[in-house]
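Colleague: Please take me through this model one step at a time. I would like each answer to end on the name or value I asked for.

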Amino acid sequence: LSPPYSSKKILVADPLMIQRKPLVYLLAKLGYPPASEAENAPQALILLKSEPHEGLICSPHLENPDGLSLLKRIRESPELGKLKVMMYFEDEDDDKIVSATRAGLDGYLVFPFQENNLETMLTNIW
């Protein structure tokens, strides 16, 4: 029996392929459908508006705009407002975590994270 969230389509957005690919791999390993990928915020928005997604996992270091601005834009959007948005950060003391949480972040991870950290975060969100 597959977990109830295994049908959730997730977009992974990060300018660095070396950051995106491990997440895409872990999501597949956890039983999620193949994740979409974006290198920047404009690309992420196009994908989110053109294909149905239930979640976005992104870096705060996106460009044009950054991850926090993308989150705010998503929360203000009538069509994307219900999207689950998660981010990953370099360290636990990152002020960006507080700012992102206040802006409506659904969950976050701190590097280095393991498969079980990702699974726990996703389970808590759904």
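Colleague: In which helix is the place of L47?
Modeller: Helices are DSSP runs of H or I with at least four residues, strands are runs of E with at least two, and both are numbered from the N terminus. The run that holds L47 covers residues 41-50, and it is helix α2.

Colleague: What kind of model is this?
Modeller: Residues are numbered from 1 along each chain as its sequence is written, and side-chain values use heavy atoms, with hydrogens and water left out. Local features need pLDDT of at least 70, side-chain atom pairs count only at pLDDT 80 or more, and totals for chains, interfaces and linings use all residues, as the model is predicted.

Colleague: Does L47 count as buried or exposed?
Modeller: Buried means under 20% relative accessible area, exposed means over 50%, and partly exposed is in between, with a 1.4 Å probe and protein chains only. The relative accessibility of L47 is 17%, so L47 counts as buried.

Colleague: Which residues does L47 touch, not counting those up to four places away in sequence?
Modeller: A contact means heavy atoms within 4.5 Å. One of the residues touched is S36, which is 11 residues from L47 in sequence and 8.0 Å away in space, C-alpha to C-alpha. With the neighbours up to four places away left out, L47 touches L11, S36, E37, A38 and H53.

Colleague: In what order do the elements of the chain run from the N terminus?
Modeller: The chain has five helices and five strands. Read from the N terminus on, the order is β-α-β-α-β-α-β-α-β-α.

Colleague: What is the radius of gyration of the chain?
Modeller: This radius is taken over C-alpha atoms, and the globule rule is 2.2 Å times the number of residues to the power 0.38. For 126 residues the rule gives 14 Å, and the chain is close to that, so it is as compact as a globular protein of that length, with a radius of 13 Å.

Colleague: What share of the residues in the chain is buried?
Modeller: Among the contacts with a separation of 6 or more, 61% are between residues 24 or more positions apart. Of the 126 residues in the chain, the buried ones make up 45%.

Colleague: How far apart do the centres of the positive and negative side chains lie?
Modeller: Lys and Arg count as positive and Asp and Glu as negative, while His and the chain ends are not counted. The place of a charge is NZ of Lys, CZ of Arg, CG of Asp or CD of Glu. There are 13 positive and 18 negative side chains, and the centres of the two sets are separated by 6 Å.

Colleague: Why is the pair of Y32 and W126 given the name it has?
Modeller: Rings of Phe, Tyr and Trp (its six-membered ring) pair if their centres lie within 6.5 Å; planes under 30 degrees apart count as stacked, over 60 as edge-to-face and the rest as tilted. The structure holds five such pairs. The ring centres of Y32 and W126 are 6.3 Å apart and the planes are at 40 degrees, so the pair is tilted.

Colleague: How many residues apart are Y32 and W126?
Modeller: Y32 is buried at 5% relative accessible area, whereas W126 is partly exposed at 29%. Y32 is in the loop between α1 and β2 (36-38) and W126 in the segment after α5 (115-125), a link between distant parts of the chain, 94 residues apart.

Colleague: Which residues form one aromatic cluster with Y88?
Modeller: Y88 is buried, with a relative accessible area of 1%, and F111 is partly exposed, with 27%. One aromatic cluster holds Y88 together with F111 and F113.

Colleague: What is the omega of the cis peptide bond from F111 to P112?
Modeller: Most peptide bonds are trans. P112 lies in the loop between β5 and α5. The bond from F111 to P112 is cis, with omega near -10 degrees.

Colleague: What is the phi of N64?
Modeller: N64 is in the loop between β3 and α3, and its peptide bond to P65 is cis, with omega near 5 degrees. N64 counts as exposed at 65% relative accessibility. Most residues other than glycine have a negative phi. N64 is not a glycine, yet its phi is positive, about 50 degrees.
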